[in-house]
Amino acid sequence: MAKYELLLPKMGESVAEATIIKWVKQPGDDVEIDDTILEIATDKVDSEVPSPINGKLVEQLFKQDEVAQVGDVIAIFEIEDNIQDGKSQEEAKLEPIEEKKEEVTQEPESETNSERENIPFVPEQSLEDKEHTEQDFSTSDRFYSPLVKSIAHEESISVSELDAIEGSGSEGRVTKDDLLGYIANRGGQAPSEQLASDKKAEHVEENKPSTAQEKSVQTASSSSTPTASVSKPMSDEIIEMDRMRKLIADHMISSTQTSAHVTSFVEADVTNMVKWRDRVKGAFEKREGEKITFTPIFVEAVAKAIKDFPMINISLNGNQIIKKKDINIGMAAALPNGNLIVPVIKNADQFNLVGLTKAVNDLAKRSRVNKLQPDEVKGGTFTLTNIGGFGNIMGTPIINQPQVAILAVGAIKKKPAVLETEYGDVIAIRHMMYLSLSYDHRIVDGALGGSFVKKVADYLEAWDANREI
């Protein structure tokens, strides 16, 4: 019998680690291809890890609630010597291992480093911290993410107190926002201050000094060296960045330090498109059960323009330009907690407008409730961000690495515009919007970038007002 190691798979760009929620299979269980081995959670999605092979689970290398890095060996399988797993070798990156335990721990490291080339590094908790966390929360039946545990530990919130908090996450889990909201309303003071107040209250009668003692203490305090604590204005609030926000920050900084950003702007007259949508949206929703927004229309125009200018659908690897075959358009979506996620519409050029509408609505809806699968947030070749939804007329978006361009669509506003007619130029009220394309000037010149964004505008301006859907 041969042994193989299962590595924690990649779960999308900027995702470097995951928490083990539950082991579905136990050591000694027989597994088949696509059987669920375990459930994992990241700050973006909760998902299942399927088995890429037929065999027997021999060993679990991570316990429930522990954090594993992408590329870590999470389980050992025992399989037949003659099994050829083909596709699973590529997707799960299983590799044969020797019986020596040293190689089990050393082999994945070199591969992990290469896999994480474009993923911000997030250090694991120290072993001491992990043991402390496990000891503190072992009595609870609820699942808490490492971030929630860390905040609870720092703010001296007991396990019983944490268990009493109503969670808004999946299956009633307590999220970071739930905990911070609880802390903000916890007696109107910081937990550390509250703990100190509670301790003082317990002994206030037996330790209360006399008036003379108070004066003595005050005199001594005024003449002593100032303490290290710094008083903060009551109006200020300190908010710790969660792990997802840290990853976004690292990703954005890395992009500005990697690409030579240039932004081109085009103004488009989208009057026909707006009037068409106003005419069909009621019937479309009644027929399809879906609302049609402007986003799928923008995605369709972008996909058409990429076919006209395929060199905008590329990435750069050193001195090699990689021309992408598929047109996978990511759409930046704002989450209720203020963070950002970019679900991807794979092969967007192969959808009709109805299909794009359903795909956009489905991804947007599941983004807001943290129900996206790992594969749905990776593989993008171009990104679209709709800043018009927030009333912005234009912007200079940052490129989503390793892509080379990102398009921002601004708010649609009624404005006076000059129209050319057979009777001469006239001024009319039109629906106008700005398109902003940021691109990597290392490999996309102004001619290509400018021509591409103008082509997108042309498709929107030439919208057929009588189009049937």
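Helices H11 and H13 are roughly perpendicular to each other (angles of 65 to 115 degrees count as such, under 35 as roughly parallel, over 145 as roughly antiparallel, and the rest as oblique). H11 covers residues 271–288 and H13 covers residues 353–368. They pack at an angle of about 75°, and their axes lie 13 Å apart. Here an axis is a line fitted to C-alpha atoms, for helices over the stretch in contact, and angles run from 0 to 180 degrees between N-to-C directions.

This is a predicted model: local features need pLDDT of at least 70, side-chain atom pairs count only at pLDDT 80 or more, and totals for chains, interfaces and linings use all residues. Residues are numbered from 1 along each chain as its sequence is written, and side-chain values use heavy atoms, with hydrogens and water left out.

Back to the helix pair. H11 brings Trp276, Phe284, Arg287 and Glu288. H13 meets them with Leu353, Val354, Thr357 and Lys358. Contact means heavy atoms within 4.5 Å. By class, this contact has 4 nonpolar, 1 polar and 3 charged residues. Ala, Val, Leu, Ile, Met, Phe, Trp, Tyr, Cys and Pro count as nonpolar; Asp, Glu, Lys and Arg count as charged; the others, Gly among them, count as polar.

Stay in H13 for Leu363. At 6% relative accessibility, Leu363 counts as buried (under 20% relative accessible area; exposed is over 50%, partly exposed in between, with a 1.4 Å probe and protein chains only). Setting aside neighbours within four places in sequence, Leu363 touches Met331, Pro343, Val344, Ile345, Leu372 and Glu376. Val342 sits 21 residues from Leu363 along the chain, and their C-alpha atoms are 9.4 Å apart.

Now the whole chain. It holds 14 helices and 20 strands. Both are DSSP runs numbered from the N terminus: helices are H or I with at least four residues, strands are E with at least two. Of the 469 residues, 42% are buried. Among contacts with a separation of 6 or more, 64% join residues 24 or more positions apart.

Next, the strands. Strands of a sheet pair through backbone hydrogen bonds, either parallel or antiparallel. Two strands count as paired if DSSP finds at least two bridges between them. S4 (residues 36–41) joins S5 through 5 bridges. Within that pair, Leu38 has Val49 in S5 as its bridge partner.

Strand S8 spans residues 73–79. It is largely enclosed by the rest of the structure, because 6 of its 7 residues are buried. S1 (residues 2–7) pairs with S8 in the antiparallel sense over 6 bridges. There, Lys3 stands opposite Glu78. S6 (residues 55–60) also pairs with S8 in the antiparallel sense, over 4 bridges. Glu59 has Ile76 in S8 as its bridge partner.

Finish at Asn400. It lies in the loop between S17 (382–386) and S18 (405–409). At 12% relative accessibility, Asn400 counts as buried. Its side chain makes a polar contact of 2.9 Å with the side chain of His251. Another, at 3.5 Å, links the side chains of Asn400 and Thr383. A polar contact is a pair of N or O atoms within 3.5 Å; within protein, one must be able to donate a hydrogen and the other to accept it, and residues adjacent in sequence count only if both atoms are side-chain atoms.
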